[in-house]
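User: Hi! Could you walk me through the metal site and its surroundings in this structure?

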Amino acid sequence: MKTFIQSLPKVELHIHIEGSLEPELLFSLAQRNQISLPYASPEALRKAYEFEDLQSFLDIYYQGAGVLQQKQDFYDLTWAYLQRCKQDNVIHTEIFFDPQTHTDRGVAFETVIEGIDAALKAGQQQLGISSNLIMCFLRHLSEEQAIETLRQALPYKDKIVAVGLDSSELGHPPEKFQRVFEQAREQGFLTVAHAGEEGPAQNIVDSIELLGVSRVDHGVRCVDSESLLARLIASKMPLTVCPLSNIKLCVFDNMQQHNIVELLRQGVAVTINSDDPAYFGGYMTDNFNAVANAHTITMQELAQFTINAIEASFISDSQKQAYRLLVDRYLEKAALI
Ligand code: HPA
Ligand code: ZN
């Protein structure tokens with residue numbers, strides 16, 4: 001099963017690029033930008049990655065992002081992530097970035113997006129990995145600040161496919177961002193939102209009804225509402241589930257308790273994603289392996305995660321068809337072995 005998972009074509013739909021900043025790169029960028037760190041070594045930093053909930057992670061994650069200052073830093077960060085994609089047979093990825101984490105520190109919006117975008121273009125040309133970029137608003141900040149961020153993004157509309165909502169879910173419900181999401185949709189952006197990670201099932205309902213999302217990020221608390229579950233199944237609303245993240249942030253006690261396989265079998269369009277791989281212990285292959293090790297699951301079911309992700313992605317129908325064919329061929333070949 002391990003080799004099947006390793007070579008399975010994968011599509012990632014929930015990855016915060018700032019969350020792919022490995023301690024080693026973090027240290028080398030700190031040195032390059034002459035920033036002193038409160039840790040002695042990358043190993044010491046990694047040891048501090050013990051979280052009890054989302055907020056305890058976010059505090060360390062925003063601190064780590066402080067080493068990102070120049071366009072080259074954002075390029076190097078994104079390029080390192082794309083190398084991991086290549087190793088894991090990720091054929092397409094849709095990447096979140098948090099501009100406010102950087103603009104609030106005086107880094108220009110342009111610096112952030114141009115660094116990331118240049119690496120994504122190189123990833124397409126040199127590694128054959130296709131990608132889309134999703135701009136997230138930090139929900140612990142105000143709606144006015146989100147509106148200002150949307151304004152800053154307008155000159156780069158061609159580089160951003162959708163807007164999303166991340167950071168602290170508790171206390172910052174979807175309705176706080178209803179107007180800015182409406183403005184984003186008017187500008188032609190698709191929308192997604194983190195909901196039902198730590199927050200209630202109602203946040204999933206409100207993300208669909210008030211924010212018009214095309215998919216829900218996390219969404220695992222949907223099981224708390226039977227009517228919502230039925231609605232997700234009937235509407236084929238995708239959930240971008242992040243198994244290792246959910247264990248690290250104590251959303252579930254352990255991987256055996258995780259509901260992703262049950263949701264898949266109930267017909268929910270669940271996908272597997274890494275969220276913040278440098279902080280949560282692994283990239284795409286690691287997440288697939290963690291699920292397969294904790295649950296009895298077939299090759300067909302594992303491939304279904306990719307098929308669901310292809311369907312849920314923001315690529316053209318012809319690209320979807322080409323990627324589905326890749327998975328079909330891979331499954332046919334695997335059945336012969
Ligand atoms: N949830 C909310 N905000 C985030 C996350 C997450 O898992 N990762 C990075 N920002
Ligand atoms: Zn996330």
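Analyst: Happy to! One term first: a residue is called buried when its relative accessible area is under 20%. Please keep in mind that this is a predicted model.

User: Is H16 buried or exposed, and what is its relative accessible area?
Analyst: The cut-off for buried is under 20% relative accessible area. H16 falls below that cut-off, so it counts as buried, with a value of 5%.

User: Which residues coordinate the zinc ion (ligand 2)?
Analyst: The donor atoms lie at 2.0 to 2.2 Å from the zinc ion (ligand 2). Along the chain, the donors follow the spacing H-x1-H-x177-H-x80-D.

User: Why is the arrangement of donors around the zinc ion (ligand 2) described as it is?
Analyst: Four donors count as tetrahedral if all angles lie between 85 and 135 degrees. The 4 donor atoms here subtend angles of 81 to 172°, and therefore the arrangement is irregular.

User: Where is D276 found, and which residues does D276 touch?
Analyst: UniProt, in an unreviewed entry, places the feature "binding site" at D276. D276 is in the loop between β8 (269-272) and α14 (277-280). D276 counts as buried because its relative accessibility is 2%. Not counting residues up to four places away in sequence, D276 touches H16, G19, F57 and Y61.

User: Which helix gives the largest share of the lining of the largest cavity?
Analyst: The structure holds 1 cavity of 30 Å³ or more, and the largest cavity has about 100 Å³ of space. Of its 16 lining residues, the closest to the centre are H16, L54, L58, H194 and D276. The largest share of the lining, 5 residues, comes from helix α4 (residues 54-64).

User: How many of the 11 residues of helix α15 are buried?
Analyst: Helix α15 covers residues 284-294 and is largely enclosed by the rest of the structure, because most of its residues are buried. Among the buried ones are M284, F288 and V291. The count of buried residues in α15 is 9.

Notes: Residues numbered from 1 in each chain as written. Chains lettered and ligands numbered in written order. Predicted model: local features only at pLDDT ≥ 70, side-chain atom pairs only at ≥ 80, totals over all residues. Heavy atoms only, no water. UniProt positions renumbered as here; feature names shortened; annotations may be inferred. Helix = DSSP H or I, 4+ residues; strand = E, 2+ residues; numbered from the N terminus. Buried < 20%, exposed > 50% of the residue type's maximum accessible area, 1.4 Å probe, protein only. Contact = heavy atoms within 4.5 Å. Donors = N, O, S within 2.8 Å, 3.2 Å for Na, K, Ca; no water. Tetrahedral: all angles 85-135°; square planar, octahedral: opposite > 155°, others 65-115°. 1 Å grid on protein atoms, 1.4 Å probe; cavity = no way out; pocket = protein on both sides within 12 Å on 5 of 7 lines; lining within 4 Å. Points joined across faces, edges and corners; volume = space filled by probe spheres on them.
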